[in-house]
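This report looks at a ligand site and a pocket. Please have the sequence and the model open as you read.

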Amino acid sequence: MIAHALIVVDMQNDFCPGGALGVKGGDEILPLLNATINESEHVILTQDWHPKGHSSFASSHQGKEPYQSITMPYGEQTLWPDHCVQGTTGADFHPQLNLTRAQLVIRKGFRHGIDSYSTFFENDHQTPTGLAGYLRERNIGAITLAGLATDFCVAFSALDAVALGFNTRVRLDLCRGIDVNGSLALMLDKMRQAGVELIA
Ligand code: VGL
Ligand code: ZN
C-alpha cells in the first residue's frame, strides 16, 4: 500500500498577516487546515529558518529593496524583507496550527548564501533536504501540499515532487499566495503543465 502524507508548508507567524512577510489571508486557512491535518495519515511540516543577515534578505544587499531580484551564483533570487530568522517569534509556527500530529519538521533556508523555496532541494535545485529519502524509506508515494506561499514554497515543492516521481496534489483552498510580478499565475501554470493535481 502506498502511503500518503500531508505536507504543511511554512505556516509561520512571519507569513501570516501582521508578520514580516505577511501573506494576505494566510491565517484564514487555519480552521480547515487543522481539520485536514487531523484526517491525514502522515503529517509533515516545513519551516523557513534563516540565519540573521541571510542572503535572501534585501537588507543584506546595498541599495536593494524587497521584491527586487538579483543574480546569485545559483541563479535569480527574489529579495525579501527580513523574515523567519532562527529562534525568533516570526519563525515560530502560527499559535493556532495543530502541531500534535506532525511526524517531521523540515527546516530550510538555513545556509547563509542560498535560499530554499522547495522543501526537497535548495534553490540550486541540487542540494537535497533529505525529504525525498524520508518519504521513500517510509513508502510514502503520494503527497498533498498546503500552506504558504502558493507561488513560492508550495509551488517549488510541488514541481520538485512530481519531478521526483511522487503523486502530487496541491490544495489551493488551503494555500494563499504572495503574487510578485505575476508569480501566482506563472506558477499555477507551471504546476498544471508539470502534472501537479490542483484542487480548488
Ligand atoms: C517563502 C519567500 C521567502 C515561502 C519563503 O514560504 O513561500 N517565500 N521565503
Ligand atoms: Zn524565506
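Which helices and strand each supply at least two residues of the lining of the largest pocket? They are strand E4 (75-78), helix H3 (150-163) and helix H4 (183-194). Bear in mind that this is a predicted model.

**The pocket.** The largest pocket holds about 360 Å³ of space. Its lining comprises 20 residues. Nearest the centre lie Glu76, Thr78, Tyr117, Phe152 and Phe156. By class, the lining has eight nonpolar, nine polar and three charged residues.

**The ligand.** Ligand 1 sits in the largest cavity. Asp10, Phe15, Asp48, Trp80, His83, Leu148, Ala149, Phe152, Cys153 and Ile178 surround ligand 1. This shell splits into seven nonpolar residues, one polar and two charged. Phe152 belongs to the shell of ligand 1, and Phe152 is also one of the residues nearest the centre of the largest pocket.

| Residue | Protein atom | Distance to an oxygen atom of ligand 1 |
|---|---|---|
| Asp10 | side-chain N or O atom | 2.5 Å |
| Cys153 | backbone N or O atom | 3.0 Å |
| Leu148 | polar backbone atom | 3.3 Å |

How much of the accessible area of ligand 1 does the protein cover? On its own, ligand 1 has 250 Å² of accessible area, and the protein covers 100% of that.

Conventions: Residues numbered from 1 in each chain as written. Chains lettered and ligands numbered in written order. Predicted model: local features only at pLDDT ≥ 70, side-chain atom pairs only at ≥ 80, totals over all residues. Heavy atoms only, no water. Near = heavy atom within 4 Å. Polar contact = N/O pair within 3.5 Å; in protein donor to acceptor, adjacent residues only side chain to side chain. Areas by Shrake-Rupley, 256 points an atom, 1.4 Å probe, with all protein chains shown as cover. 1 Å grid on protein atoms, 1.4 Å probe; cavity = no way out; pocket = protein on both sides within 12 Å on 5 of 7 lines; lining within 4 Å. Sits in = over half its atoms within 2 Å of the grid points. Nonpolar A, V, L, I, M, F, W, Y, C, P; charged D, E, K, R; others polar. Points joined across faces, edges and corners; volume = space filled by probe spheres on them. Helix = DSSP H or I, 4+ residues; strand = E, 2+ residues; numbered from the N terminus.
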